[in-house]
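Subject: Structure for you to look at, with notes

Dear colleague,

I am passing on the structure that we spoke about, together with some notes to read beside it. Please have the sequence and the model open while you go through them.

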Amino acid sequence: MQKDTYYVTTPLYYTNGTPHIGHAYSTIAADVLARFHRVTGNGRAHFLTGTDEHGQRIADVAAAAQKTPKEFCDEIVGRWKEQWRELDIAYDQFIRTTDPDHEAAVQRIFAMLRERGDIGPGKYEGWYCRNDETFWPASKLIDGKCPNPECGRPVEWVSEDAWFFKMSRYRDRLLDHFRSKPHWVRPQSAWNEMMAILESGLEDLCVSRTSVEWGIPLPQGGGTIYVWFDAICNYITAAGYPHDMVRVARLWPADVHLIGKEILRFHTIIWPAILMALDLPLPELVFANGWITTQGRKMSKSVGNITRPGELIDVFSVDSVRYALLSQAPFGSDFTLSEEGLVRRHNADLANDLGNLVQRSLSMLARYRQGAVPGRPQRSGLAAGFETLPASVKSALDVLDFRGCLATIWESVGVLNRYVEETKPWVLDKSGDAAALDAALYEVCEGIRWIAALIYPFMPTTAGAIWQALGQEGVPGQMWEESLRWGVLLPQTITNVPAPLFPRIEAAAAAG
Ligand SMILES: [Zn+2]
């Protein structure tokens, strides 16, 4: 077997809390890529997400809640899955690091690396941040405290017998990989930062903990496996490594690992070194999305807490939130999410540009032609402009340019709106020019069908509503190449006028 499936992953989210907008951002991006590859790749896409459930931090929060760590995680995981359902996240696999299959596979990987001499005994002493479960070199500490800007807590001196992954052996190969594949870590700033770390040298990595009980036991006993080693192996254990190498061959290497930039070092230095030690190919791309800052921590009553995706959905709808997150900034850049910006995008791009186009066009078709699609005009004024769209969308998504992709699609929404304004079907109806009216109505409905297919990965609910209103069946844009040819919309198809796709949100209403 060889690789035949597009494989996209999110980070494993840590179950000491529930999803916030940053988690939603990475996960929606992964969902867009998976949906796009399902419709364009004959269904062959695999979207993996899940939860990282081991480590002292989980044990501590569980104890505080008077639960066992597993009980605590079971409850939290339910809330993560519920949140992904609400956001229309269609993952193919949800892995938990407490899954027995994963635990067994990680023990096997650990034992294999020991047999090969890539893991060996040593003594670990260093500054440890309990919150981040990370050892920091003294040179990285800021005022003697944890250097993670999100943390800054006091660190403690830890000294224990431990097992080490001999990562320093792989420094030269890692440097070669970075130099020969300068686009494998994105954005560029992330590649630069990791390259600088590699050039400054690489130490071996402590991969066991004697003092942490809540984790995967070391195969030889005497402690647990470092939570990061355990968690990062999920990308291959989920694919079936090492027990199902046929499945691994179909999925691995991953096409893209989507991550937050705070975990770059784990994904672009530690993880590839582990893969090299296992003789497995490296992921094609690691893409670190930026951080979202929210303007004004206290949002108005109706918007609630803007960092909680569930509360945003209640005000703006799922697709409006998905659109706002991916259209606002280049993927990889930080940006500020504001209530004002959300309202503006919702009303201008969605309610006005797209929602009105669909509503008025299908209303005219209902009024002038009883909702039946007219015959195809002999010559199309719109076809040439639309036929380049699928390639533009694909090349934008190939480099995860979600914003550019949406901008391209919205240019065509603009083309259709101008087309309606210029052809003036209401005038053609009055003047009795039936052929011209038929042509105008056919063209705009076919254009709307294309838009539904193109926005499907981003806005599945909206795309589905438009698709149904146009009397189409199945998933919008499925059989991509056959579907995206001008004139596929069949004359005499019966359409209906959908409920408004994006009711306007008055700024005053959103402000409570
Ligand atoms: Zn810390």
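This is a predicted model: local features need pLDDT of at least 70, side-chain atom pairs count only at pLDDT 80 or more; totals for chains, interfaces and linings use all residues.

Domains

The domain assignment of the protein gives two parts, with domain 1 covering residues 6-290 and domain 2 covering residues 339-508. Their centres, taken over C-alpha atoms, are separated by 42 Å, and the contact between them involves nine residues of domain 1 and 12 residues of domain 2. On the side of domain 1 that touches domain 2, the largest share comes from helix α1 (residues 21-40), which supplies seven residues. Sorted by class, the residues on that side of domain 1 are six nonpolar, one polar and two charged.

The parallel sheet

Six strands make up an open sheet with parallel pairing, and their order is β3-β2-β1-β11-β12-β7. The edge strands of this sheet are β3 (93-96) and β7 (185-186), each of which pairs on one side only. Strand β11 in turn runs parallel to strand β12 (residues 286-289), to which it is joined by four bridges, and the bridge partner of His 257 in β12 is Val 286.

The antiparallel sheet

A separate description is needed for the open sheet of four strands, which has the order β5-β4-β6-β8 and antiparallel pairing. Strands β5 (134-136) and β8 (205-206) stand at its edges with a single partner strand each, so one side of each of them is left without a neighbour in the sheet. Strand β4 (residues 119-129) pairs with β5 in the antiparallel sense over three bridges, and Tyr 128 stands opposite Phe 135 in β5.

Is Ser 159, with 10 C-beta neighbours inside 10 Å, buried or exposed? Ser 159 is found in strand β6 (residues 156-165), and it counts as exposed because a residue with 12 or fewer such neighbours is placed in that class. Ser 159 and Gly 126 are 33 residues apart in sequence, while their C-alpha atoms are 6.7 Å apart in space.

A pair of helices

Two packed helices are described by the angle between their axes and the distance between the axes. For helix α13 (residues 339-369) and helix α18 (residues 434-455), the axes come within 10 Å and cross at roughly 145°, and the crossing is left-handed. On the α13 side, the contact is made by Leu 357, Val 358, Ser 361, Met 364, Leu 365, Tyr 368 and Arg 369, and on the α18 side by Leu 437, Leu 441, Val 444, Cys 445 and Ile 448. By class, this contact of α13 with α18 has 10 nonpolar residues, one polar and one charged.

With best wishes

Conventions: Residues are numbered from 1 along each chain as its sequence is written. Two strands pair if DSSP finds at least two bridges between them. Helices (H or I, at least four residues) and strands (E, at least two) are DSSP runs, numbered from the N terminus. Axes are lines fitted to C-alpha atoms, for helices over the stretch in contact, and angles run from 0 to 180 degrees between N-to-C directions. A crossing is left-handed if the near helix is turned anticlockwise from the far one by less than a right angle, and right-handed if clockwise. Two residues are in contact if their C-beta atoms, placed from the backbone, lie within 7 Å. Ala, Val, Leu, Ile, Met, Phe, Trp, Tyr, Cys and Pro count as nonpolar, Asp, Glu, Lys and Arg as charged, and the others, Gly among them, as polar. Domain bounds come from an automatic or database domain assignment. A residue is buried if 20 or more other C-beta atoms lie within 10 Å of its own, exposed if 12 or fewer, and partly exposed in between; C-beta atoms are placed from the backbone.
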